[in-house]
Amino acid sequence: MASVDENQIHHAIEQAYQLIVEAHRNMTDIWRTHVLFTRQWWFGVGLSICPWLFWIGFRDKRATGQFLLSGLTMNIVSSWLDQLGIAMGLLHYHWEVIPFMPANFPWNFSLLPVTVMFLHQYKSGIHPLFKALLFGGFSAFVAEPVSQMADLYHPVNWKHTYSFPIYVGLYLLASSIAKRGVDCTDSSSVDK
């Protein structure tokens with residue numbers, strides 16, 4: 001097996017990074033001249049901010065820590081899965097709210113986590129699997145098609161049916177995290 005010179009590897013990596021920098025420059029130019037202040041941009045801003053304002057106003061303050069932990073779980077895992085799908089050419093998003101932030105920001109950093117946090121908070125007696133199926137069905141078969149019709153989400157080699165079990169699993173993971181979370185109202189319980 002032929003040995004590859006480390007300098008060649010470093011040079012190849014630097015060239016790849018330069019392509020990424022150039023792509024970001026191009027995307028920022030497109031954003032500044034064609035995206036900023038469009039109807040889709042305002043919609044993304046609203047979807048990024050309004051769910052959090054609603055949650056702040058109506059959350060159960062006694063379990064804020066638990067809910068935030070489940071929302072953070074949803075944020076991290078859904079963002080990672082979306083980036084994986086984007087990198088593999090399965091799907092992509094348009095209309096970034098802010099350049100250098102993923103275009104899926106309104107979904108993964110706002111809509112999905114806040115929806116999951118509210119589902120955990122309300123009707124806590126309902127079995128998590130039922131809520132997971134409801135969340136998965138709504139997200140995959142209502143939210144994704146509406147986002148696609150609004151030209152915000154573009155599945156390339158992806159079907160909404162693929163998303164359904166992923167959303168169900170994400171909800172169950174976040175639900176499990178919420179149940180194990182720490183209640184922020186009783187600081188003495190942390191030391192026990």
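I count a residue as buried when its relative accessible area is under 20%. I'm working from a predicted model here.

**Entry: Gln40**
I went to Gln40 and found that it sits in helix 2. Is Gln40 buried or exposed? Its relative accessible area is 12%, which is under the 20% cut-off, so I put Gln40 down as buried. Next I looked up what touches Gln40, skipping its neighbours within four places in sequence. I got Trp95, Ala150, Asp151 and Leu152.

**Entry: helix 1**
I checked the length of helix 1, which takes in residues 6–35. With 30 residues at 1.5 Å a residue, helix 1 should span 44 Å. I found its end C-alpha atoms 41 Å apart, which agrees. Which residues of helix 1 are buried? I noted Thr28, Trp31 and Val35. An α-helix has 3.6 residues a turn, so residues three or four places apart point the same way. I also looked for what covers the buried residues of helix 1, and the cover includes helix 2 (39–58). Just after helix 1 I stopped at Phe37, which takes a positive phi of about 70°.

**Entry: helix 5 and helix 6**
I then turned to helix 5 (residues 128–149) and helix 6 (residues 160–180). They pack at an angle of about 135°, and their axes are 8 Å apart. I therefore wrote the two helices down as oblique to each other. Their crossing is right-handed. What classes of residue make up the contact of helix 5 with helix 6? I listed 13 nonpolar, eight polar and three charged residues.

Notes: Residues are numbered from 1 along each chain as its sequence is written. This is a predicted model: local features need pLDDT of at least 70, side-chain atom pairs count only at pLDDT 80 or more; totals for chains, interfaces and linings use all residues. Side-chain values use heavy atoms; hydrogens and water are left out. Helices (H or I, at least four residues) and strands (E, at least two) are DSSP runs, numbered from the N terminus. The expected span of a helix is 1.5 Å times one less than its number of residues. Buried means under 20% relative accessible area, exposed over 50%, partly exposed in between (1.4 Å probe, protein chains only). Contact means heavy atoms within 4.5 Å. Axes are lines fitted to C-alpha atoms, for helices over the stretch in contact, and angles run from 0 to 180 degrees between N-to-C directions. Angles under 35 degrees count as roughly parallel, over 145 as roughly antiparallel, 65 to 115 as roughly perpendicular and the rest as oblique. A crossing is left-handed if the near helix is turned anticlockwise from the far one by less than a right angle, and right-handed if clockwise. Ala, Val, Leu, Ile, Met, Phe, Trp, Tyr, Cys and Pro count as nonpolar, Asp, Glu, Lys and Arg as charged, and the others, Gly among them, as polar.
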